[in-house]
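I opened a new notebook page for this chain.

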Amino acid sequence: MFDIIGDIHGCYDELLELLSSLGYSLTSGIPIHPGGRQVAFVGDGMDRGPSSIKVMQLLFALQDEGRLIYSPGNHCNKLYRYAKGNNVQQTHGLETTVAELDSLPKEKRSHILDRYERFYEALPLYHQLDSGRLIIAHAGLSEQLIGAPASQTVRTFVLYGDISGKTLQDGRPDRRDWAKSYHGTAWVVYGHTPVREPRFKHHTVNIDTGCVFGGKLTAFRWPERETVSIPSKQPFQPEKFTSYPS
């Protein structure tokens with residue numbers, strides 16, 4: 001039994017509220033459910049929002065206890081490259097995480113970045129759970145790529161979605177609606193593209209309901225196939241949400 005949480009983007013207060021509403025206790029320092037349910041994440045825990053470091057520290061604690069189920073997203077990858085010392089642009093939300101880090105004493109800043117490197121390097125590209133009936137992949141995964149050997153094609157898909165190679169006017173990559181043509185039997189739970197409400201399409205569900213843009217933070221409960229959401233505390237930015245034809 002899993003509770004899979006959508007893109008957090010530094011919205012730590014909303015994360016705690018959602019975990020509480022799902023019945024988790026954090027008295028031990030990590031979310032524990034009395035019914036034995038497990039929490040999981042579609043990635044992009046950091047960037048853009050107010051408390052990326054607190055979110056990361058909670059994820060580190062889960063990893064230390066062997067309880068982390070987390071599928072890394074494009075923001076996770078970009079922060080990893082920054083932590084490694086690569087020359088990456090501090091834009092699209094990374095600048096907020098860097099500002100948090102820069103406010104810390106130098107030694108603590110270095111410690112968190114070192115810990116984040118180890119955190120990221122231990123993550124799989126995506127998760128296959130419940131005997132393969134459940135897939136958690138940040139930006140999704142086509143049925144043809146499920147179970148395929150790790151490759152640049154798989155990596156690009158799970159981090160960025162089914163990108164066409166074109167760029168939209170606002171600088172974002174153009175993405176195909178892969179869920180519309182998905183016909184696999186496994187359920188794919190993903191995020192990455194903010195939508196106003198959880199989007200169910202075939203055996204897929206997008207649970208990035210744009211918490212950092214003033215929407216909601218959403219969890220998908222498995223095997224119930226239900227969603228639970230709590231409202232965001234952030235300013236609402238309607239232009240950040242994607243709408244799909246019905």
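I worked on a predicted model, where local features need pLDDT of at least 70, side-chain atom pairs count only at pLDDT 80 or more, and totals for chains, interfaces and linings use all residues. Residues are numbered from 1 along each chain as its sequence is written, and side-chain values use heavy atoms, with hydrogens and water left out.

Entry, fold. I looked up the secondary structure and found six helices and eleven strands in the protein chain. These are DSSP runs numbered from the N terminus (helices H or I, at least four residues; strands E, at least two).

Entry, extent. Along the principal axes, the C-alpha atoms fill a box of roughly 50 × 45 × 40 Å.

Entry, packing. I found 52% of the 246 residues buried (under 20% relative accessible area, 1.4 Å probe, protein chains only). Of the contacts (heavy atoms within 4.5 Å) with a separation of 6 or more, 60% join residues 24 or more positions apart.

Entry, helix α4. Which residues of α4 are buried? In this helix, residues 94-102, I noted L94, T97, V98, E100 and L101. They line one face, because their directions fall within an arc of 155° seen down the axis of α4. The arc uses directions from the helix axis to the C-beta atoms. The cover over these buried residues includes α2 (52-64), α3 (74-83) and α5 (106-121).

Key:
Buried means under 20% relative accessible area, exposed over 50%, partly exposed in between (1.4 Å probe, protein chains only).
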